[in-house]
Amino acid sequence: MSLLMFAACVRDFKSCRYEIPMSGEDIAEVYIEHTGYTVSFNPETNIPNWVAWELNTEKLIERESRSNKFLPDPNIAPHLAVTTNDYKRSGWDRGHMCPAADNKWHWKAMDESFYMTNICPQNHNLNRGDWKELEDACRRWAEIEPVYIACGPILYKVPKYGYIGKEHQIRIPDAFFKVVLTGLQSGNPRAVGFIYKNEAGNYKRDKYVNSIDEVERITSFDFFSELPDDVEETIEAEYDLDEWS
């Protein structure tokens with residue numbers, strides 16, 4: 001597809017939500033749109049199936065400071081909603097899927113980023129280390145042109161870690177995925193995926209990188225499905241990590 005034809009496709013799909021994944025199988029889901037992100041929350045595992053959002057230069061403007069006030073999501077019935085008490089003395093961090101630092105552009109976006117539907121039990125070293133470094137990289141990429149991001153937990157059929165929770169049983173993820181799409185404005189669309197095991201480690205990004213096709217195979221989600229089919233097929237089959245420095 002020529003750049004001119006691709007630009008026309010992007011205009012036609014301007015109102016599309018590129019970041020929202022499609023599920024290839026039936027999953028328990030409460031679909032919630034918040035100010036800064038959309039979440040598919042799983043009431044059986046008490047963690048999100050996925051969280052998705054667009055990040056651009058307007059959302060990189062820091063108008064609010066970090067909240068640090070974790071709250072039950074008011075969209076979940078009070079007796080079912082996960083609270084921060086479920087994480088106390090569990091040994092696991094309250095790991096953001098959509099980062100608080102991506103939501104400093106609006107007070108409501110910041111508050112909602114601390115809803116427990118946006119949180120997963122995460123290894124402390126991963127949360128503060130390699131996972132955070134990828135979050136920082138996404139903000140750098142968004143300085144150039146908008147990025148579309150989806151991330152969430154990966155759950156093995158035989159759980160490695162089990163569950164935490166005092167009042168609610170919360171599944172501990174075995175790993176995490178993140179997929180990123182950019183280049184739509186410039187007519188140079190590209191996408192990349194990452195898989196992080198939920199464990200300590202200090203590695204370069206090439207340790208975690210994958211094609212979108214591989215992340216789709218592992219998660220059973222269909223990413224960036226609003227793109228023209230030929231564009232989606234091309235960018236999801238391969239990646240060039242040098243383009244994501």
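**Rings and charges**

Tyr203 is partly exposed, at 39% relative accessibility. Keep in mind that we're looking at a predicted model. Tyr208, on the other hand, comes in at 7% relative accessibility, so it counts as buried, the cut-off being under 20%. Both tyrosines belong to one aromatic cluster, together with Trp131, Phe176 and Tyr196.

Now widen the view: searching the whole structure turns up 13 aromatic pairs. One of them is Phe70 with Phe114, an edge-to-face pair with 4.9 Å from centre to centre and 75° between the planes. Phe70 sits in the loop between strand E4 (47–55) and strand E5 (93–96), while Phe114 is in the loop between helix H2 (107–113) and strand E6 (119–122), so this pair ties together parts that are 44 residues apart in sequence.

Let's finish with charge. On the surface, Asp213, Asp229, Asp230 and Glu233 gather in a patch of negative charge. Which element gives the most to this negative patch? That would be helix H6 (residues 229–237), with three residues. Asp230 lies in helix H6, and Asp230 is partly exposed, with a relative accessible area of 39%.

Terms used
Residues are numbered from 1 along each chain as its sequence is written. This is a predicted model: local features need pLDDT of at least 70, side-chain atom pairs count only at pLDDT 80 or more; totals for chains, interfaces and linings use all residues. Side-chain values use heavy atoms; hydrogens and water are left out. Patches are made of residues with over 30% relative accessible area and no salt bridge: like charges are joined within 9 Å, nonpolar side chains (Val, Leu, Ile, Met, Phe, Trp, Tyr) within 5 Å. Accessible areas come from the Shrake-Rupley method with a 1.4 Å probe; for residues, only the protein chains shown count as cover. A salt bridge is a side-chain nitrogen of Lys or Arg within 4 Å of a carboxyl oxygen of Asp or Glu. Lys and Arg count as positive and Asp and Glu as negative; His and the chain ends are not counted. The place of a charge is taken as NZ of Lys, CZ of Arg, CG of Asp or CD of Glu. Helices (H or I, at least four residues) and strands (E, at least two) are DSSP runs, numbered from the N terminus. Buried means under 20% relative accessible area, exposed over 50%, partly exposed in between (1.4 Å probe, protein chains only). Rings of Phe, Tyr and Trp (its six-membered ring) pair if their centres lie within 6.5 Å; planes under 30 degrees apart count as stacked, over 60 as edge-to-face and the rest as tilted.
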